[in-house]
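Let's walk through this one together, a question at a time. Have the chains open while you read.

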Amino acid sequence: MNEISGLLLVIVSAIFVNNVVFARFLGICPYLGVSRKLDTALGMGFAVTFVMTIATAIGYVLHYGILVPFKIEFMQTIMFILVIASLVQLVEIVLKKVSKSLYNSLGIFLPLITTNCAILGVALIAIQEDYSFVTSVVFAFFSAMGFILAILLFAGIREKLEEADVPKPFKNVPIGFISAAILSLAFMGFSGLVK
Amino acid sequence: MNEALNIFTRGFVRENPVTKMLLGLCPVLAVTTSAVNGLGMGLATTFVLLGSNVVIALASKAIPNTVRIPSFILVIATFVTIVDLLIQAFSPELNQSLGIFIPLIVVNCMILGRAEAFASRNGLWYSIIDAIGMGLGFTFALLLLSIFREVLGSGTIFNIPLVGEDASTILVFALPPGAFAGLGLIIAGLNSLEKKMGDKK
């Protein structure tokens with residue numbers, strides 16, 4: 001029972017309280033880059049979910065299987081980024097075969113997942129927090145859900161912003177940041193949920 | 001020499017990585033709660049950028065095109081590990097407050113972007129200047145935002161108090177929403193400043 005409630009806490013915390021975008025500031029580049037349209041945002045979200053979950057799982061195994069026994073934890077950054085880079089290549093090949101249209105619309109952002117700090121960040125946080133293997137994977141998956149939530153909310157707002165009459169200096173990017181600030185303020189309301 | 005100056009100022013003002021190109025925003029938003037953190041992060045990133053630009057400018061001819069990106073990332077990751085270990089050894093406090101964002105320098109898209117767009121196509125000398133210009137531009141943007149947030153959010157600057165002990169500060173600027181709002185306001189401010197300067201000419 002304890003285990004399940006612990007997992008639930010991790011889930012709520014990953015989606016709402018410590019949302020990757022609004023509280024941890026990870027993955028801001030794709031958050032701003034692909035959030036112009038709802039469907040590309042969703043596609044990017046799924047690609048991130050897939051890579052993030054698997055990268056965290058593999059990272060966990062390699063960290064405790066290789067780095068810790070050999071006492072070379074300082075190699076963590078280099079190893080994790082290699083795992084992520086090769087996974088991204090795999091996703092790219094699979095997507096190219098399975099869905100041409102999704103591949104075309106995600107286009108240049110797929111290689112950019114490699115430099116999506118959310119993925120490396122989540123994998124590193126899972127190690128830092130001393131999560132068990134199951135908790136790490138759950139944490140990674142639901143962090144990605146939090147990312148999808150953030151990117152979808154923002155894409156919806158941005159579609160409306162296109163038609164809004166915004167003061168000139170605030171056009172495009174600055175007004176995007178201001179909206180993100182208001183969204184992030186709303187997400188802070190969740191912070192009492194999990195200690 | 002003119003060309004060198006041109007490359008240098010381009011990174012600093014016209015193509016500032018943060019305010020113009022919107023690259024490497026995660027650390028910009030995350031660590032700018034105090035000016036010390038902002039400066040530390042900016043200098044650490046500049047060091048990595050300089051190291052990776054130098055190595056990539058020298059080695060780019062030897063790297064096959066197909067494995068270009070993974071090789072660049074490995075070079076960057078190596079320099080990030082060096083910086084990480086140096087900060088851990090010499091400034092545990094900075095290490096504490098920057099936390100996970102030190103290893104995350106490796107995925108700062110600005111660094112990979114410069115490696116791909118500049119260092120792999122230009123000579124050593126220009127790559128060094130490009131790295132310094134871009135790095136200082138990045139540091140400058142970090143400093144601007146972190147001073148803005150520290151003054152409004154905590155009432156201090158470089159940890160020196162500006163207002164009395166019991167004065168109330170706008171706490172929200174020290175919290176995540178303040179980072180987004182602050183950066184939005186700064187970019188808007190720079191936009192309108194640039195427009196005014198343009199009008200005068």
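Helices (H or I, at least four residues) and strands (E, at least two) are DSSP runs, numbered from the N terminus. This is a predicted model, where local features need pLDDT of at least 70, side-chain atom pairs count only at pLDDT 80 or more, and totals for chains, interfaces and linings use all residues. Residues are numbered from 1 along each chain as its sequence is written, while chains are lettered from A and ligands numbered from 1 in the order in which they are written.

Q: How many helices and strands does chain A have?
A: Reading along the sequence of chain A gives α-α-α-α-α-α-α-α-α. The tally is nine helices and zero strands.

Q: How many residues of helix 7 of chain A are buried?
A: Call a residue buried if 20 or more other C-beta atoms lie within 10 Å of its own, exposed if 12 or fewer, and partly exposed in between, with C-beta atoms placed from the backbone. Helix 7 covers residues 117-128, and its buried residues include A:C117, A:G121 and A:A126. That leaves the helix mostly covered, with the buried count at 10 of 12.

Q: Which helix supplies the largest share of the side of chain A that touches chain B?
A: The contact takes 33 residues from chain A and 34 residues from chain B. On the chain A side, helix 2, helix 4, helix 7 and helix 9 each supply at least two residues. The largest share, nine residues, comes from helix 9.

Q: Is A:D39 buried or exposed?
A: You'll find A:D39 in helix 3 of chain A. Its C-alpha atom is 24 Å from that of A:I84, 45 residues along the chain. Because A:D39 has 11 other C-beta atoms within 10 Å, the label is exposed.

Note on methods:
Expected span 1.5 Å × (residues − 1). Contact = placed C-beta atoms within 7 Å.
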